[in-house]
Amino acid sequence: MDAPAIHDISASATATYGHRPVDPDKVDTSHGPILYLDDITVSFDGFKALNKLTLTIDRGELRCIIGPNGAGKTTMMDVITGKTRPDAGTAFFGQTFDLRRLPDTEIARLGIGRKFQKPTVFEQHTVFENLELAMKTDKRVRPTLLARLSAAQRDLIARTLKTIRLDGSESRLAGALSHGQKQWLEIGMLLVQEPELILLDEPVAGMTDAETERTAELILELAGSHSIMVVEHDMDFVNKIARKVTVLHEGSVLAEGPMNVVQNNERVIEVYLGR
């Protein structure tokens, strides 16, 4: 694939939400895939964390990524978000943006949002303030202090609060939330940036059964209006949300398909699931 020209886009939020970005020129997915990785290789001191990894995710798709520790899941997300540069291979966001050539900040502005396993919220600020801070486009101190939310932005926050099950808790300090609620708040902090692709790293780690159930409902609600990649070890949770599953092993795709097919794959059973 020839590397197309890189477009410069505005970081301003779009006016309409409904959990679907509305800028059709932002990412070209006219051929289907929103994420295209081909023969991605990453080596650390001679160890191949990714070994000719090929993966494609379509617009609106919910994809679960599973695999043993050291399979390359984190390195793959690092490549997608610009934290790690591949030694070889192709990585495109839509048909336009070459992820190998962009800094991580620009990749985030283009519409790729990542949530790490441990929630990182502003604990001394309220839930509302966390969402407000997340949607600011100019992070310099003076513009941030002088900024005022528009009616559309307030409406966006209100809808996000409802989506993440925190409506009615907007005045609570983030530090007073339960672990699961902090995870939802961080997902909300991604949503107000209106990403097209969301990467979730073990989103239910440490959650209660009830919080896990509600997180599954949340992710299923978001699928379709966002493309979502979920990296998870909790197989009960994966069973609740899985549509298509990719199994990584030693930096490559070991198996891929519906959950029932993957679960019965002899190699997957051998290297990961067990009997």
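A residue counts as buried when its relative accessible area is under 20%, as exposed when it is over 50%, and as partly exposed in between (1.4 Å probe, protein chains only). The model here is predicted, so local features need pLDDT of at least 70 and side-chain atom pairs count only at pLDDT 80 or more, while totals for chains, interfaces and linings use all residues. Residues are numbered from 1 along each chain as its sequence is written, and side-chain values use heavy atoms, leaving out hydrogens and water.

Now for the salt bridges, meaning a side-chain nitrogen of Lys or Arg within 4 Å of a carboxyl oxygen of Asp or Glu. The whole structure turns up 15 of them. One joins Glu 270 to Arg 267, at 3.4 Å from N to O. Both residues sit in helix 10 (residues 266-273), three residues apart, or about one turn of the helix; helices here are DSSP runs (H or I, at least four residues), numbered from the N terminus. Arg 267 is partly exposed, at 38%. Shared partners also tie Glu 61, Arg 63, Lys 244 and Glu 256 into one salt-bridge network.

Other pairs reach across the chain. Glu 217 bridges to Arg 165, with the closest N and O atoms 3.7 Å apart. This pair links distant parts of the chain, 52 residues apart: Glu 217 is in helix 7 (residues 209-222), and Arg 165 is in the loop between helix 5 (151-163) and helix 6 (179-191). Arg 165 is buried at 15% relative accessibility, whereas Glu 217 is partly exposed at 35%.

Notes. Helices (H or I, at least four residues) and strands (E, at least two) are DSSP runs, numbered from the N terminus.
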